[in-house]
Amino acid sequence: MGKIVLLVSREEMLHQAHNILQEKKFEIGEMRVIETKDTVIEARKAIAGGATLIIARGLQASMIKQYTDIPVAEIVMTAQEMALLVMKAKQILKKEHPVIAVVGFKNMFCDMSFLIYDIELRTYFASAGEELEQTSRKAAQEQADLIIGGDTAVSVATEYGIPSLFLSPTEDSMRNAMAIAERMDYAMGV
């Protein structure tokens, strides 16, 4: 078995990982919170420290895949997590048929076609890290009532005075990513 390293952008995600490891012993060699601007440096440190696979999300996962040659197991939002975020957005907005923008990389999200809770859901997907800020600005300029996304999208929403929700995964998406990482690690070992 290789060494699996978890790199996340927020402390809460690290706590979720610790909770999951209390239930089931996934073979995670190292877990760290990193700043997005340091992603490539931190990934290269992990590789130098023996990492054979990295678990990451969103822009960080994209950067690791683009600038290193290590396999990445991505943390993908589940349908339940997205539904909870949309319901929370509706509670914040207290408006009939609000326009909710989801900003990020397509591979961060499940199928969202079922999210029809009397909302207009617009998706804004970036294909590369350098497009994320402009994609977030487009969502803001197209007058979304609320923006759901990662750190970049939340920052742009704040700049435009638009309410936002951080794409907070629950333990479900983290657990799925850990299981995928273990299967990838097993396949690489075979």
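Which handedness does the β-α-β unit of strand 1, helix 1 and strand 2 have? I looked this up first, and the unit is right-handed. A crossover gets that label if, with the strands pointing away from the viewer, the path from the first strand over the helix to the second runs clockwise.

**Ground rules.** I am working with a predicted model, where local features need pLDDT of at least 70 and side-chain atom pairs count only at pLDDT 80 or more, while totals for chains, interfaces and linings use all residues. I count residues from 1 along each chain as its sequence is written, and side-chain values use heavy atoms, with hydrogens and water left out. Helices (H or I, at least four residues) and strands (E, at least two) are DSSP runs, numbered from the N terminus.

I found an open sheet of four strands in the order 2-1-3-4, paired in parallel. Its edge strands are strand 2 and strand 4 (72–74), each pairing on one side only. Direction ignored, neighbouring strands of this sheet are turned by 20° against each other on average. Two strands pair if DSSP finds at least two bridges between them.

**Partners of strand 1.** I followed strand 1 (residues 3–8) to strand 2 (residues 28–33), and the two pair in the parallel sense over five bridges. There, Val5 has Glu30 of strand 2 as its bridge partner. Strand 1 also pairs with strand 3 (residues 51–56), again in the parallel sense, over four bridges. In that pairing, Ile4 stands opposite Leu53 of strand 3.

**Helices on the sheet.** I saw helix 1 packing on the sheet, where it touches strand 1 and strand 2 (contact means heavy atoms within 4.5 Å), and its direction makes about 155° with that of strand 2. Helix 2 (residues 39–48) packs on the sheet too, touching strand 1, strand 2 and strand 3, at about 145° to the direction of strand 3. For such angles, axes are lines fitted to C-alpha atoms, for helices over the stretch in contact, and angles run from 0 to 180 degrees between N-to-C directions.

**Helix 1 meets helix 7.** How far apart are the axes of helix 1 and helix 7 (residues 171–189)? They are 9 Å apart, and the helices pack at an angle of about 65°. The two are therefore roughly perpendicular to each other (65 to 115 degrees counts as such). I noted residues making the contact, including Met13 and Leu21 of helix 1 and Met174 and Arg175 of helix 7.

**Helix 3.** Last, I checked helix 3 (residues 58–67): seven of its 10 residues are buried, meaning under 20% relative accessible area with a 1.4 Å probe, protein chains only. Among them are Leu59, Met63 and Ile64.

Definitions and conventions: Buried < 20%, exposed > 50% of the residue type's maximum accessible area, 1.4 Å probe, protein only. Parallel < 35°, antiparallel > 145°, perpendicular 65-115°, else oblique.
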